[in-house]
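Hi everyone, thanks for coming.

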Amino acid sequence: MLKTLIDAFALISTWEVIISIFAASVYGLVIGSLPGLSATMATALLVPVTFYLSPIAAIATIVAASSMAIFSGDIPGALLRIPGTPASAAYADEAYAMTRKGQAELALGAGVWFSAVGGIAGVLSLMILAPPLAEIALSFSTFEYFWLALLGLMCATLVARSSPVKAIAGMFIGLLVACIGIENPGGIPRFTFGLTDLFGGIEPIPALVGVFAVAQVMRAMLAPEPPPLPRRKFGSILAGQWRLTKLYHWQMTRGNIVGIIIGVLPGAGADMAAWVSYAMSKRFSKEPEKFGTGHVEGLVEAGASNNASIASGWVPSLLFGIPGDTIAAIAIGVLYMKGLNPGPTLFTEKASSMYAIYLMFIIANIMMIPLGIAMIRVAAYILLAPRAAIMPVIMLCCAVGSFAIGNNMFGVVTVAAFGVIGYVMETNGYPVAAMVLGIVMGTMVEQSFVTSLIKSDGSILPFFERPVAAILAAMAIGALLWPVMVWVWRKVKRPQAAAATSR
Amino acid sequence: MSKISRRTFAASSAAVAASAAFGFKPALAQAYPARPVTVIVPWGAGGGTDATARIVAALLEKDLGQPFNVVNRTGGSGVVGHSAIATAQPDGYTIGMLTVEISMMHWQGLTDLTPKSYTPLALMNEDPPGIQVSSSSPYKTVKELADAIKAAPPGKFKASGTGQGGIWHLALVGWMQAMGLPANQVAWVPSNGAAPAMQDLAAGGLDLTTCSVPEARAIIEAGKARSLAIMAPARNPIFKDVPTLKEAMGIDYATGAWRGIAGPKNLPPEIATKLTAALKKVYDSAEYKDFMSNRGFGTVWGDAAHFAGFMDKGDAQMGEAMKAAGLSKA
């Protein structure tokens with residue numbers, strides 16, 4: 001054990017690895033913070049570079065870039081209300097509200113601090129609990145995934161500040177968008193109107209960029225310039241984080257645990273972790289009325305959660321070659337290419353390389369604090385720049401980023417179309433975040449439901465028979481019926497109360 | 001660097017001048033490639049096809065002395081990129097990587113493109129499907145599994161490995177047909193690729209998967225699944241103990257997912273010959289062999305003529321399987 005650890009240290013303390021981690025970190029921070037460019041894209045673009053690197057350095061670049069990009073997606077979310085990743089979309093409104101209250105450094109500081117804490121918690125789970133966590137991952141069949149995805153969808157109503165009805169309507173629009181294409185269980189083209197480009201469906205990233213970034217630019221063109229924030233120097237970014245850690249230690253721990261569990265499940269990933277944790281935080285908070293007005297509690301929990309899921313998402317990748325999310329899928333390709341084939345032998349025969357991967361995760365998460373602070377300081381100048389200068393740059397980033405996704409104009413058209421949709425929805429009080437959640441989860445809900453029915457020959461009993469499925473079903477149905485029961489309870493109680501006072 | 005490009009420029013302009021002076025066509029081929037070449041990949045960055053295309057492009061660049069830039073034209077489940085290759089100028093400066101989907105999509109009525117829409121250059125890779133069961137499955141050999149499938153009512157056994165009408169679905173249909181069974185004897189459970197199918201197999205949700213052996217490798221090595229046979233003419237060197245269908249059951253059925261390089265139709269023969277020769281060098285290089293075996297990908301060589309015949313045969317085979325499965329619109 002100690003010897004493997006020392007070997008692992010030797011593996012990563014070469015100049016090549018150190019320079020790779022540093023360069024990939026800076027690269028990940030920059031790409032993640034640009035609206036329209038996602039963490040997945042940052043990782044995919046690194047693959048050709050890894051051809052020329054040693055195995056450990058190649059993995060190091062992927063680990064560092066993906067961890068940094070997920071955090072730095074919070075930066076434009078907080079400063080401009082344009083989330084960099086679907087994971088940040090869950091709490092972009094909240095973080096932006098804090099910025100408007102003059103607490104940008106607290107919001108971003110919480111982002112970097114709790115991301116790092118979550119990341120390290122995720123690595124520890126990977127180190128200590130990999131085999132039992134992998135067993136959890138393998139016990140999930142499509143029946144369990146269906147309930148999980150349904151629970152994820154329900155977060156739309158919990159997270160939204162608007163009326164639940166409008167939140168549900170927004171989510172349904174998202175589900176409708178998720179129907180487009182031939183990537184459905186039947187393999188039948190739906191809503192493609194004969195357009196080849198629509199066969200592949202609408203990806204969440206261009207939709208996200210459209211409804212948040214382009215719609216934001218459109219609003220900015222119509223609305224008068226908001227009162228400028230008081231010109232002042234950014235205060236200390238880490239000050240106050242320790243106080244938050246103590247105040248919200250339970251929320252942080254819960255976020256870490258939820259993130260680790262969701263991360264381990266293939267296909268769920270950081271996006272769902274952030275949404276579920278933010279919703280849980282609001283549900284169980286002592287002061288849920290403060291959510292949405294610039295309250296840091298949800299940021300703590302969701303930030304801790306999405307970064308924890310990144311590291312634990314590597315568990316099924318490393319043990320079974322099953323990717324936890326799109327980033328892990330790319331990482332698996334690199335692992336194979338470099339002769340570090342996923343599988344249990346990686347943990348025994350190549351234990352020192354495994355420990356080297358753990359160490360790199362820890363180093364990347366520690367480096368996230370100083371590098372993240374530097375990035376926040378640079379990004380803070382955006383708040384001082386005139387809006388007329390920033391908005392065109394954002395438009396340019398969106399156009400370039402959406403073109404880069406598939407190297408064709410269709411991505412750009414998608415982003416523009418969703419910009420209009422997002423603008424119309426937002427002006428009428430429909431939360432766009434709920435629609436993004438519908439797009440992200442829609443495929444999973446449909447896929448898991450239809451395939452489960454194929455497997456059970458049309459019977460719905462197996463959705464409740466398997467033990468884990470039964471627990472998840474109870475949670476989902478309970479969450480669905482809870483508001484109804486509360487409503488009925490009030491209805492029953494009110495007449496009695498009224499009768500009591502009249503007497 | 002600048003010196004080299006100036007020299008190449010001088011050489012190419014000399015060649016152009018010579019061809020103009022003598023009306024001497026093949027001189028043009030001598031000069032090719034005189035500028036960077038675009039290699040279109042119809043699938044996303046970071047995937048297996050992307051990785052294969054990038055290593056091929058890097059080695060072509062080394063051999064031919066001009067940059068070969070990989071461009072991922074994704075979307076439309078592969079249709080967008082495949083049409084970009086077919087509709088490019090046939091001047092040799094845009095080539096691309098074809099995948100097995102080109103022999104499937106037109107049967108479903110998704111596109112008019114067929115293998116005939118291209119100038120085939122070289123077949124570079126093929127991965128045959130395996131037949132995997134969970135390690136807790138009672139079937140120890142493919143014969144036992146096949147007998148159980150034959151005895152069971154249609155649809156009792158559930159298999160997966162990719163989406164509806166995907167290559168591994170058709171592999172299963174082809175295997176059923178080869179045994180004289182109806183296409184729907186085993187129900188297909190569509191999945192988002194091989195990895196989720198292997199996970200569901202281990203979770204006890206499926207009876208078998210028919211994805212390729214490299215895709216199943218990690219789960220097999222983790223002791224959660226077994227491979228009973230592969231649908232290939234010969235055994236896989238990484239899994240020497242897994243028999244072919246012919247060895248285990250006497251059924252002569254083989255198929256696979258392949259990748260090859262092609263250009264648009266009517267590529268000048270001089271350029272095509274030159275590219276095929278360069279691709280042969282790439283295929284024979286140690287770098288390519290190491291890269292592919294590290295990823296667990298099979299390597300198969302086919303020159304232009306062989307690749308064309310290979311695609312025609314595969315196209316007919318796919319059409320038959322798709323008609324049997326009720327997936328064909330043609």
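Some housekeeping. This is a predicted model, so keep the cut-offs in mind: local features need pLDDT of at least 70, side-chain atom pairs count only at pLDDT 80 or more, and totals for chains, interfaces and linings use all residues. Residues are numbered from 1 along each chain as its sequence is written, while chains are lettered from A and ligands numbered from 1 in the order in which they are written.

Okay, chain B. The domain assignment, which is automatic or taken from a database, gives domain 1 as 33-125 + 257-324 and domain 2 as 130-249. Their C-alpha centres lie 28 Å apart. How many residues of each domain are in contact? It's 11 from domain 1 with 11 from domain 2, where contact means that the C-beta atoms, placed from the backbone, lie within 7 Å. On the domain 1 side, helix α12 (residues 304-324) of chain B gives the most, with five residues. Helices here are DSSP runs of H or I with at least four residues, strands are E runs of at least two, and both are numbered from the N terminus.

Now the sheet. Chain B has an open sheet of six strands, in the order β2-β1-β3-β10-β4-β11, with mixed pairing. To count as paired, two strands need at least two bridges found by DSSP. Why do β2 and β11 of chain B each have one side without a neighbour in the sheet? Because they stand at the edges, each with a single partner strand. From one strand to the next, the twist averages 25°.

Let's zoom in on β4 of chain B, residues 118-127. This strand is mostly covered, with 10 of its 10 residues buried; buried means 20 or more other C-beta atoms within 10 Å of a residue's own, again placed from the backbone. β4(B) runs antiparallel to β10(B), residues 257-264, and eight bridges join them. Along that pairing, Y118(B) sits opposite P264(B), and E126(B) faces W258(B). With β11(B), residues 299-302, β4(B) is again antiparallel, through two bridges, and there N125(B) stands opposite T299(B).

Another strand to look at is β5 of chain B, residues 130-134, where five of five residues are buried. In a regular strand, side chains alternate between the two faces of the sheet. In β5(B) both faces are covered: G130(B), Q132(B) and S134(B) on one side, I131(B) and V133(B) on the other. The strand pairs with β9(B), residues 225-230, in the antiparallel sense over five bridges, and S134(B) has A225(B) as its bridge partner.

Over to chain A. Helices α13 (residues 249-264) and α15 (residues 297-312) of chain A have axes that come within 7 Å and cross at roughly 35°. Those axes are lines fitted to C-alpha atoms over the stretch in contact, with angles from 0 to 180 degrees between N-to-C directions.

Last stop: where the chains meet. 46 residues of chain A are in contact with 47 residues of chain B. On the chain A side, α3(A) gives the most, with five residues. Thanks, that's my tour.

Terms used:
Contact = placed C-beta atoms within 7 Å. Buried ≥ 20, exposed ≤ 12 C-beta atoms within 10 Å, placed from the backbone.
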